[in-house]
Amino acid sequence: MGSRRGDGRGKAAPEVVSITGAPRAHSDDLDRRINRYLISMLIRTVCVVLVVVIDSPVRWVFAVGAVGLPYVAVVLANARGERHAPPPPVPAQAPRAAITDIPSGDAPGRSGQ
């Protein structure tokens, strides 16, 4: 779960510009999915603690969260990363006519003789 955003000395890594339709790196996708799972489980842990601590009808809201969040966390963790459609093909340009010999009278700098 290493971060690739900085070098640890306070400098931010330069922004990477994508010039291709290739998907992101598998390790980046995996890091994103792990982070989503951990955040969901952290919220679930807070719900479990609040179910024990709070003594009011609101406790049932936290109980539902504590029971339902594991399912949501697994679904989010197993969801693949962003799916991009391939970029639309660039329309081909019509071939240009080849430059032919310039008649001797029309060429600049020539006297036409």
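Residues are numbered from 1 along each chain as its sequence is written, and side-chain values use heavy atoms, with hydrogens and water left out. Because the model is predicted, local features need pLDDT of at least 70 and side-chain atom pairs count only at pLDDT 80 or more, whereas totals for chains, interfaces and linings use all residues.

The secondary structure of the protein chain consists of two helices and zero strands. Helices (H or I, at least four residues) and strands (E, at least two) are DSSP runs, numbered from the N terminus. Helix H1 covers residues 26-53 and helix H2 covers residues 59-78. The expected span of a helix is 1.5 Å times one less than its number of residues. H2, with 20 residues, reaches 29 Å from its first C-alpha to its last, close to the expected 28 Å. H2 bends by about 40 degrees at Gly68, and Pro70 follows within four residues; the bend at a residue is the angle between axes fitted to the seven residues ending there and the seven starting there.

Of the 113 residues of the protein chain, 12% count as buried. Buried means under 20% relative accessible area, exposed over 50%, and partly exposed in between (1.4 Å probe, protein chains only). In H1 the buried residues are Asp29, Asp31, Arg33, Ser40, Met41 and Cys47, and they pack against H2. In H2, Ala63, Gly65, Ala66, Leu69, Ala73 and Ala77 are buried, and these pack against H1. Contact means heavy atoms within 4.5 Å. Among contacts in the chain between residues at least 6 apart in sequence, 57% join residues at least 24 apart. Val61, in helix H2, is exposed, with a relative accessible area of 58%. The C-alpha atoms of Val61 and Cys47 lie 8.6 Å apart in space, at a sequence separation of 14 residues.

Side chains of opposite charge can pair when their charged atoms come close. A salt bridge is defined here as a side-chain nitrogen of Lys or Arg within 4 Å of a carboxyl oxygen of Asp or Glu, and the count comes to two. One joins Asp29 and Arg33 (3.5 Å, N to O). Both residues lie in H1, four residues apart, about one turn of the helix. An α-helix has 3.6 residues a turn, so residues three or four places apart point the same way. Asp29 is buried at 9% relative accessibility, and Arg33 is buried at 14%. The other salt bridge joins Arg59 and Asp55 (3.9 Å, N to O). Arg59 is partly exposed, with a relative accessible area of 26%, whereas Asp55 is exposed at 69%.

The protein chain exposes about 10000 Å², of which carbon and sulfur atoms supply 63%. Accessible areas come from the Shrake-Rupley method with a 1.4 Å probe; for residues, only the protein chains shown count as cover. Leu30, Ile34, Tyr37, Leu38 and Val74 make a nonpolar surface patch of about 370 Å². Patches are made of residues with over 30% relative accessible area and no salt bridge, with like charges joined within 9 Å and nonpolar side chains (Val, Leu, Ile, Met, Phe, Trp, Tyr) within 5 Å. H1 contributes the largest share of the nonpolar patch, four residues. Tyr37, in helix H1, is partly exposed, with a relative accessible area of 32%.
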